[in-house]
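Let's take a look around this protein together.

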Amino acid sequence: MTDTAAAAPTRPALSPSLLFGLLIFALLAIVPALTDVWGGSYLLSLVTKAMVLAVVAISLDILIGQAGMVSFGHAAFYALGAYVTGISLEEGLYDAPTILALVVLACTVFAVVTGAISLRTSGVYFIMITLAFGQMVFFTLQSLSAYGGDDGLTLWSLSEVFGARFLADDVPFYYITLGALLLTWWFVARLSASRFGRILRGAKDNATRVEAMGFSVFRYRLIAYVIAAVIAGIGGFLVAHRTEFVSPALAQWQMSGDLIIIVVLGGLGTRNGALIGALSFVLIEEALSEVTQYWRLIFGPLLVLLVLFARGGIAGALGRLGK
């Protein structure tokens, strides 16, 4: 063996978090095949719900886990995406790419305006102003009497992809949602590993030092805020098709609270945290709701124990077990 061959660099091994994430997606990919022997359409619907929540939770983790900005109004973008979808369908627009473009546009505009205002504050003031904007969206949606008002809007027909009704069939829609989740997971992981992500995390630790290095913390945070809003809006597009119904409840502060719980449950700022958190949240909700309708009274103490004794959430606990 020559010295050159001996010194040839080896390809770095895949990280455990990447392998674990890919394993989760592999298991999600075979769920439709399991419905024939266990769970049926109910299992498919339950996992689809978890995947939609995971898309939105991953977007929120950009703000909380990467940038250190706790938004209590993130559900507003989720609801905005759902209502843009619902109103478009109600008005006779059925082309899915066009509707998705409108969702992205609406969420971008709203995020730029509200983000430019909210990011002038920090800490508890940021939490409260995002809560205020979220409730503003909630009450606005309630006032849309032409589109159901407080009762919500039932979607009697769904959008089409180049004339095909993939989004109206359970299994194709499941895989479309899985694809959206995989792309979101991959994109946010790449974003986190990029210079953009490093600057966000640096500003989270010491914004003054990052400013002194010549980076505009406000600009980077605003871009992160807009990216998170757009991804959440895409989650709203998906949930409108999953439930065939949109409601102002999607914008309530309780929904934003659930999203924060999902992120904390899974593990802040980790590759798989929001993904694991969403799947766990839906499964825990389903299991406890079978016991009592006041399942949150049980879930609350469980979450407190997890925060106290499993630092880094479920993802952090699994990571320590793997060592």
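## Buried or exposed?

A quick definition to begin: buried means under 20% relative accessible area, exposed means over 50%, and partly exposed is in between (1.4 Å probe, protein chains only). Valine 304 comes out at 46% relative accessibility, so this residue counts as partly exposed. Alanine 251, at 2%, counts as buried.

Before going further, note that this is a predicted model: local features need pLDDT of at least 70, side-chain atom pairs count only at pLDDT 80 or more, and totals for chains, interfaces and linings use all residues. Residues are numbered from 1 along each chain as its sequence is written, and side-chain values use heavy atoms, with hydrogens and water left out.

## Around alanine 251

What does alanine 251 touch, leaving aside its neighbours within four places in sequence? Its contacts (heavy atoms within 4.5 Å) are Ala75, Ala76, Ala79, Gly134, Gln135, Val137, Phe138 and Leu141. Glutamate 286 is 35 residues away from alanine 251 along the chain, and their C-alpha atoms are 22 Å apart.

## Rings

Searching the whole structure turns up 11 aromatic pairs. For a pair, rings of Phe, Tyr and Trp (its six-membered ring) need centres within 6.5 Å; planes under 30 degrees apart count as stacked, over 60 as edge-to-face and the rest as tilted. Tyrosine 220 is buried, at 9% relative accessible area. Elsewhere, ring pairs join Phe77, Phe110 and Tyr225 into a cluster.
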